[in-house]
Amino acid sequence: MRALLVFAVLLAAAVDADAARRKRTMFIDREEGPKAERNNDDPEARLAAIQKRIERGDLPQIEFEFDSAEIRLESFDTLSAILELLYDNPKLKLMVRAHTCSMGSDEYNLDLSERRAKSVKTWLTQHGVDPPTIRYRGIGEAEPFADNSTEEGRIKNRRVEFRVT
C-alpha cells in the first residue's frame, strides 16, 4: 500500500512538472503577439529575446548589491528566464559576461566584474545547471554601452550579458 501511495505521489509530481513546463513556454511578446513554444528550436533566438526584454524593461537587469557580487532579489526573474532556457536546452553552453561602469580603478572594476560574473554562474549551478555548461568572464569597464559621464549611462554600463558559445 505504501509503495502504491509513493508511486501516486511521484506520478502526480511528474504530471504537474510537465504541465508547468508547457505553461512556461507560452509568453507574450508585445511586438509579435502570443506564440507557443517560441524559438524552442533556436536557443540563440530565445536568448536574444530575453536580452531584448531586458533592454525594453520587461525583465529587470541583473543587479548586485553596492560594491559586491551579491545578486539582488530583483534579478531573480531574469535569472529564472535564463535558467529555463538552459533547462530546455541542456546541451547549450553560455558565457556570462559582467561589465561595470568607470567608477573606480580599472583593476578594481575588472576584479568586481569577474566576481559578479562568477556569482551569476554560481546561482545558475546552484539551481541545477551543469557547471561545465557555463563559463564566465569579467569585462570591467572596457566595453561601455553608454556614456560614463552621466548616472544614467553608468547604470546602463553596469550589466550582465549572456552569449552562446
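**Pockets, helices and confidence**

Mentor: Start with the largest pocket: 21 residues line it, and Phe 64, Phe 66, Asp 67, Arg 116 and Arg 158 lie nearest its centre. This is a predicted model, where local features need pLDDT of at least 70, side-chain atom pairs count only at pLDDT 80 or more, and totals for chains, interfaces and linings use all residues. Residues are numbered from 1 along each chain as its sequence is written, and side-chain values use heavy atoms, with hydrogens and water left out.

Trainee: What makes a set of points a pocket, and what makes a residue part of the lining?
Mentor: On a 1 Å grid over the protein atoms alone, a pocket is an open set with protein on both sides within 12 Å along at least five of seven lines, and lining residues have an atom within 4 Å of a point. Helix 4 (106–126) and strand 3 (94–99) each give two or more residues to the lining of the largest pocket. Helix 4 has the largest share, four residues.

Trainee: What does the volume of the largest pocket, about 480 Å³, stand for?
Mentor: A volume is the space filled by probe spheres set on the grid points. For the second largest pocket the value is about 370 Å³.

Trainee: Which residues lie nearest the centre of the second largest pocket?
Mentor: Gln 51, Ile 54, Glu 55, Gln 61 and Arg 159, out of 13 lining residues. Helix 2 supplies the largest share of that lining, three residues.

Trainee: Why is helix 2 called roughly antiparallel to helix 3?
Mentor: Helix 2 (residues 43–56) and helix 3 (residues 76–88) pack at about 175°, with axes 11 Å apart. Angles over 145 degrees, on a scale from 0 to 180 between N-to-C directions, count as roughly antiparallel, so helix 2 is roughly antiparallel to helix 3.

Trainee: How do you know which residues of the two helices meet?
Mentor: Contact means heavy atoms within 4.5 Å. Among those that meet are Leu 47 and Ile 50 in helix 2, and Ile 82 and Leu 85 in helix 3.

Trainee: Where does pLDDT stay under 50?
Mentor: Over residues 3–39. pLDDT is the predictor's confidence in each residue, from 0 to 100; the chain averages 82, and 76% of the residues score at least 70.

Note on methods
Parallel < 35°, antiparallel > 145°, perpendicular 65-115°, else oblique. 1 Å grid on protein atoms, 1.4 Å probe; cavity = no way out; pocket = protein on both sides within 12 Å on 5 of 7 lines; lining within 4 Å.
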